[in-house]
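Have the structure open and follow along.

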Amino acid sequence: MARHVLLTGAPGCGKTTVVRAFVEHLRASRPAASVRGFWTEEVREGGTRVAFRIETVGGATGTLARVGLQSRCWVGRYGVDVAGFEAVGAAEVEAALAEAAQSEELVLVVDEIGKMELFSARFRRAVARAFAEVPHVVATVMQRKHAFADGLKGRRDVRVITVTARNRAALPAEVLRELA
């Protein structure tokens with residue numbers, strides 16, 4: 001069994017859906033377990049994707065990226081709000097690090113370790129520490145090559161699972177078993 005699980009796969013394959021269902025499974029089966037973390041979601045207006053938002057397990061929200069947002073960092077047509085992401089996403093990972101020393105049952109959920117999020121050096125530092133200090137990390141990670149992401153995928157204490165349409169329904173329970 002692995003200490004940490006990374007979920008990867010093509011965009012739109014259901015990684016976020018798996019992560020959210022995993023959190024529900026975890027809360028139902030291990031009420032004493034502490035969960036920290038966040039997921040990202042598309043924001044649509046009139047059927048068109050215009051932004052990505054971030055939401056913590058505790059309900060705090062922020063903007064990750066938006067069409068036309070003035071930024072030094074871009075992914076396609078989306079300007080990345082690095083400061084906004086750090087205020088919610090990086091801060092949530094740092095909060096998990098602060099809590100890790102008191103909880104052997106802590107699970108940190110990170111959706112996602114991707115191109116937009118990796119513009120933040122603060123986030124990269126916090127995630128690297130989390131894989132060393134937090135008891136369990138369940139994260140989604142970009143499938144494409146990236147030095148930081150590939151470093152996490154290559155760790156001996158990590159199991160990498162590719163999410164597909166065929167396996168995604170069974171994965172929340174499988175991830176929970178993996179961390180037993």
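In helix 2, Phe85, Glu86, Ala90, Ala91, Val93, Glu94, Leu97 and Ala100 touch Ala121, Arg122, Phe123, Ala126, Val127, Arg129, Ala130 and Glu133 of helix 3 (contact means heavy atoms within 4.5 Å). Sorted by class, this contact has eleven nonpolar, no polar and five charged residues. Here Ala, Val, Leu, Ile, Met, Phe, Trp, Tyr, Cys and Pro count as nonpolar, Asp, Glu, Lys and Arg as charged, and the others, Gly among them, as polar.

Keep in mind that this is a predicted model: local features need pLDDT of at least 70, side-chain atom pairs count only at pLDDT 80 or more, and totals for chains, interfaces and linings use all residues. Residues are numbered from 1 along each chain as its sequence is written, and side-chain values use heavy atoms, with hydrogens and water left out.

How do helix 2 and helix 3 lie relative to each other? The axes of helix 2 (residues 82-100) and helix 3 (residues 121-133) cross at roughly 25° and come within 9 Å, and these helices are therefore roughly parallel (angles under 35 degrees count as roughly parallel, over 145 as roughly antiparallel, 65 to 115 as roughly perpendicular and the rest as oblique).

Now try helix 1 (residues 15-29) and helix 5 (residues 171-178): their axes are 8 Å apart, at an angle of about 55°. Helix 1 and helix 5 are therefore oblique to each other. Val18, Ala21, Phe22, His25, Leu26 and Ser29 of helix 1 meet Leu171, Pro172, Ala173, Val175 and Leu176 of helix 5. That contact of helix 1 with helix 5 has nine nonpolar residues, two polar and no charged ones.

Conventions: Axes are lines fitted to C-alpha atoms, for helices over the stretch in contact, and angles run from 0 to 180 degrees between N-to-C directions. Helices (H or I, at least four residues) and strands (E, at least two) are DSSP runs, numbered from the N terminus.
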